[in-house]
Structure formats: C-alpha cells, structure tokens
Amino acid sequence: MDTEGIDIALFDMDGSLADYDGAMVRDLESLRAPDEPTVSRESLWQTETGEHVLARMKLIKGQPGWWLNLDPIPAGMTVLALCQQLGFDVHVLTKGPKRHSQAWDEKVQWCQRHIGPDVDIHVTSDKGLVYGKLLYDDYPDYMIRWLKHRPRGLGIMPVSAANRDFVHPNVVKWDGTNIAEVARAVAVVKKRNPGEALAL
Ligand SMILES: [Mg+2]
C-alpha cells in the first residue's frame, strides 16, 4: 500500500467509539440472580472470568442487532472529529470475532451510521498489522502490539478502570478533561515527517 501523503488515524471500536461495556453491564444485570453481586463498568473486566458469565455474554452478543445498537461514546467521537478537522483520514480498526460474521456485518453498519457511509474499516485479529500514524484504543495489549513496530506512532487511550495504571512514552491518556493535551499530540504527529522521531 502506498501511504505517502496519507495520514491515517486508526480508531478501535469497543470501549473506544462504541459503548460495549455499557450495553454488556445493562444486559448482564438483567440476567443476574438476586444473590449474585451486581455488575458495573468498574467490575465488568473482573466479572468476565466466570464460566457462567462468559456463557451469558456469548448469548447477549449473539442477539441480532446487539452490536449495531451500541451507543456511541462521546469522548471517542470528540477525538475522532478532532482528527478529521486536523486532516487525518479516519479508519476503524476492530477485532473480529472469528466465528460470528453477523457481528462483523453489524460493526460495519454501525460505522457507516455513526461515522459516515464511506469510512474505511479494518476487521482483523492482529491490530499490529495495520498502518496508521496514530491509534486510539482503550486496551493496553493492543496498543503495545501496534506500537511495537511503530516507535514513532502516537497512541491515545481513553481512561477506563482496566487501563488506569497503563503508562507508555508514546501514549497520551485521555480522561475527558485534557482535550488540549490530546489536540497538541495529534497536531505533533500530523506534522511529523516520515522517519522523524515523535517529540511529544
Ligand atoms: Mg477496545
């Protein structure tokens, strides 16, 4: 792929642009037995370890329309709009469940509905393979994997309970209050020439 002159900003979907956690917490709560502990955004990632919970989650995610009806996350959409304003070509980079092609289809429809009909979407099992100048992602493992081959790439990470302690020199944490810091970092990586170090 000839990427000269094209500045691509990659955006993760679940937990970044689309409110997977909010919908999952709501639906797990509706299936919870009275003697089970409540599920919250803060505790979801710890709840996910129980076999019975995983089975419920599988049923929840398999419902037609579940992925399509996830709410957009305003903080993520704000940074997406910022990147578009600064001249980035926004692409979506999402992990595709290998056995549920219905989820792929709904993710594509979601992006067309909330971002635009012509948005480029990469559904992959390895985010490290995909080129971009910056990656917006809430999940540290995917961020590390992508940055491993891109020492001059910029990561922007919306803060959540699960990634609160994550620190990386190329990553700006976005907590909903520091838009000036995020905008500055995006402008720096936009102006950076090929081969130039990332000076945040
Ligand atoms: Mg995510």
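1. Helices (DSSP runs of H or I, at least four residues) and strands (runs of E, at least two) are numbered here from the N terminus. By that convention W45 sits in helix α2. Residue numbers start from 1 along each chain, following the sequence as written. The model is predicted, and local features need pLDDT of at least 70, side-chain atom pairs count only at pLDDT 80 or more, and totals for chains, interfaces and linings use all residues.

2. W45 first. A residue is buried if 20 or more other C-beta atoms lie within 10 Å of its own, exposed if 12 or fewer, and partly exposed in between, with C-beta atoms placed from the backbone. W45 has 14 C-beta neighbours inside 10 Å and therefore counts as partly exposed. Contact between two residues requires their C-beta atoms, placed from the backbone, to lie within 7 Å. Neighbours within four places in sequence aside, W45 is in contact with A161 and A162. Between W45 and V167, 122 residues apart along the chain, the C-alpha separation is 19 Å.

3. Helix α1 (residues 20-31) has 12 residues, which at 1.5 Å a residue should span 16 Å; the end C-alpha atoms are 17 Å apart, in agreement. The expected span is 1.5 Å times one less than the number of residues. Buried in α1 are Y20, D21, M24 and L28. Seen down the axis of α1, these buried residues fall within an arc of 85 degrees, so they line one face of the helix. The arc is that of the directions from the helix axis to the C-beta atoms. R26, E29 and S30 are exposed on the other side of α1. The cover over the buried residues of α1 includes α2 (44-47) and α3.

4. Two packed helices are described by the angle between their axes and the distance between the axes. Axes here are lines fitted to C-alpha atoms, for helices over the stretch in contact, and angles run from 0 to 180 degrees between N-to-C directions. For α1 and α3 (residues 51-61), the axes come within 10 Å and cross at roughly 115 degrees. The crossing of α1 and α3 is right-handed; the term applies if the near helix is turned clockwise from the far one by less than a right angle, and left-handed if anticlockwise. M24, D27, L28 and L31 of α1 make the contact with R56, M57 and I60 of α3. By class, this contact has 5 nonpolar, no polar and 2 charged residues. Ala, Val, Leu, Ile, Met, Phe, Trp, Tyr, Cys and Pro count as nonpolar, Asp, Glu, Lys and Arg as charged, and the others, Gly among them, as polar.

5. The α4 and α7 crossing is right-handed. On the α4 side the contact is made by T78, V79, L82 and C83, and on the α7 side by I179, V182, A183 and V186. These residues divide into 7 nonpolar, 1 polar and no charged.

6. The 12 residues of α4 reach 16 Å from first C-alpha to last, close to the 16 Å expected at 1.5 Å a residue. G76, V79, L80 and C83 are the buried residues of α4. Down the axis of α4, they fall within an arc of 105 degrees, so they line one face of the helix. On the other side of α4, the exposed residues are P74, A81 and Q85. Those buried in α4 pack against β1 (8-11), β2, β4 (134-136), β5 (154-158), β6 (171-174) and α7. After α4 comes G87, with a positive phi near 95 degrees.

7. H91 belongs to strand β2 (residues 89-95). With 18 C-beta neighbours inside 10 Å, H91 is classed as partly exposed. Apart from neighbours within four places in sequence, H91 is in contact with I8, L10, D120, H122 and G132. H91 and G128 are 37 residues apart in sequence and 14 Å apart in space, C-alpha to C-alpha.

8. Two exposed helix residues remain. R113, in helix α5 (residues 101-114), counts as exposed because it has 12 C-beta neighbours inside 10 Å. The C-alpha atoms of R113 and L68 are separated by 9.1 Å, at 45 residues along the chain. A180, in α7, has 8 C-beta neighbours inside 10 Å and so counts as exposed. From A180 to P151, 29 residues apart along the chain, the C-alpha separation is 23 Å.
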